Amino acid sequence: PAAPPAPADPKALETWRERLRERIRKGVQGGEKPLASLSFTGPARVTAADAQGLTAVLGGTSSAAIAWSQLRPADWLALARAFAKEGIAADHATLAFFLMAEGQTKAAEEELARAAGSDPKQGPALADEVRAAFKPR
């Protein structure tokens with residue numbers, strides 16, 4: 001299969017990665033410990049996150065520190081999916097961004113529709129922002 005198109009705007013990629021990092025930090029502080037399947041660990045339960053990276057429990061017992069810089073594009077998508085809460089426009093938009101970055105346009109558009117539907121004020125603007133990041137320049 002063809003490689004997914006890179007986001008046209010590297011700044012947008014960093015912006016959305018920072019939003020996801022912040023979402024993960026807030027999520028784990030609030031007690032969320034979702035399971036994400038990461039490329040180099042397999043299923044990992046995210047238990048902590050800070051400016052450097054995240055901590056994940058693998059196979060129930062051993063824990064690993066993973067630097068943000070170690071994450072591959074598919075890992076960002078897995079984390080966005082793990083932390084996406086139904087009905088939260090920003091979560092749907094974040095997931096859509098990383099789906100689009102992996103070339104999964106149809107799934108991304110479904111998430112953008114959810115973003116717009118769950119928050120008529122912010123959702124459509126977030127959806128426009130995601131689409132704009134992938135427009136050819």
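Predicted model: local features only at pLDDT ≥ 70, side-chain atom pairs only at ≥ 80, totals over all residues.
Local features need pLDDT of at least 70 and side-chain atom pairs count only at pLDDT 80 or more, whereas totals for chains, interfaces and linings use all residues. Residues are numbered from 1 along each chain as its sequence is written, and side-chain values use heavy atoms, with hydrogens and water left out.

**View 1. The contact of helix 2 with helix 3.** The axes of helix 2 (residues 73-83) and helix 3 (residues 89-101) come within 9 Å and cross at roughly 160 degrees, the axes being lines fitted to C-alpha atoms over the stretch in contact, with angles from 0 to 180 degrees between N-to-C directions. The two helices, which are DSSP runs (H or I, at least four residues) numbered from the N terminus, are therefore roughly antiparallel to each other (an angle over 145 degrees). Trp76, Leu77, Ala80, Arg81 and Phe83 of helix 2 meet Asp91, Thr94, Leu95, Phe98 and Leu99 of helix 3, where contact means heavy atoms within 4.5 Å.

**View 2. The crossing of helix 1 and helix 2.** The axes of helix 1 and helix 2 come within 10 Å and cross at roughly 45 degrees. In helix 1, Arg17, Leu20, Arg21, Arg23, Ile24, Gly27 and Val28 meet Trp76, Leu79, Ala80 and Phe83 in helix 2.

**View 3. The buried residues of helix 5.** In helix 5 (residues 123-133), Gly123, Leu126, Ala127, Val130 and Ala133 are buried, that is, under 20% relative accessible area with a 1.4 Å probe and protein chains only. What covers these residues includes helix 1 (10-29), helix 3 and helix 4 (105-118).

Definitions and conventions: Parallel < 35°, antiparallel > 145°, perpendicular 65-115°, else oblique. Buried < 20%, exposed > 50% of the residue type's maximum accessible area, 1.4 Å probe, protein only.
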